[in-house]
Amino acid sequence: MKQWWESLEARERRTLSWGGIALAIILFYFMIWLPGHQRAAELEQTVAEQRVLLSWMQQAAQEAQALRGSHPQPVNRGNSNQALFALADQSARQAGLGNAIRRVEPSGNNRVRVNLEEASFDDMVLWLGNLKTRHGIEAHTVTIRTGSSTGRVNAQLQLEAPAS
């Protein structure tokens with residue numbers, strides 16, 4: 001290599017030297033400097049997004065603490081004399097599940113078993129949500145199988161009311 005270099009004329013050596021320097025600068029720019037600056041810009045953007053998220057989370061935490069400090073609203077169980085199985089049956093019919101009800105039977109003081117056939121899954125989920133929010137009744141055990149058509153299910157539910 002040294003012999004080849006020395007065999008070049010001075011003008012050729014100078015041209016190759018300047019070309020090598022230019023190549024080194026180009027490689028440095030495209031392989032080190034540019035990717036580093038692009039990554040720094042991405043990180044700055046990420047930090048800005050994280051700061052916005054942190055601000056939102058701090059505000060949400062303050063709201064949650066304020067809500068935690070407030071007194072919970074009592075759950076409306078309707079007529080306290082109304083049996084749980086009657087409430088389950090009545091609310092299921094109001095939710096559009098009347099045709100799907102096959103059996104509603106008591107299963108202890110604060111529990112009831114409900115069997116549904118070919119019930120609309122969406123209606124059933126909305127019904128369970130309403131039982132929870134309006135009456136404090138939760139689905140303790142749920143078994144669901146697909147029905148004969150899309151969106152229809154066969155379900156066995158055990159509903160439990162909070163102890164009075």
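How many nonpolar, polar and charged residues does the lining of the second largest pocket have? In this predicted model, that lining has four nonpolar, five polar and one charged residues, and the pocket itself holds about 170 Å³ of space.

The residues that line the second largest pocket are Leu87, Gln90, Ser91, Gln94, Ala95, Trp127, Asn130, Leu131, Arg134 and His135. Two elements, helix 3 (84-94) and helix 4 (121-135), are those that give two or more residues to this lining, and helix 4 gives the most, with five residues.

Two packed helices are described by the angle between their axes and the distance between the axes. Here the axes of helix 3 and helix 4 come within 10 Å and cross at roughly 125 degrees.

On the side of helix 3, the contact is made by Leu87, Ala88, Ser91 and Ala92, while helix 4 takes part through Trp127, Leu131 and His135. Sorted by class, the residues of this contact divide into five nonpolar, two polar and no charged.

Some names belong to both parts of the picture: Leu87 and Ser91 of helix 3 are among the residues of the helix contact and are also among those that line the second largest pocket. For helix 4, Trp127, Leu131 and His135 make the contact with helix 3, and these residues are likewise found in the lining of the pocket.

Notes:
Residues are numbered from 1 along each chain as its sequence is written. This is a predicted model: local features need pLDDT of at least 70, side-chain atom pairs count only at pLDDT 80 or more; totals for chains, interfaces and linings use all residues. Side-chain values use heavy atoms; hydrogens and water are left out. On a 1 Å grid over the protein atoms alone, a cavity is a set of points where a 1.4 Å probe fits but cannot get out, and a pocket is an open set with protein on both sides within 12 Å along at least five of seven lines; lining residues have an atom within 4 Å of a point. Grid points are joined across faces, edges and corners, and a volume is the space filled by probe spheres set on the points. Helices (H or I, at least four residues) and strands (E, at least two) are DSSP runs, numbered from the N terminus. Ala, Val, Leu, Ile, Met, Phe, Trp, Tyr, Cys and Pro count as nonpolar, Asp, Glu, Lys and Arg as charged, and the others, Gly among them, as polar. Axes are lines fitted to C-alpha atoms, for helices over the stretch in contact, and angles run from 0 to 180 degrees between N-to-C directions. Contact means heavy atoms within 4.5 Å.
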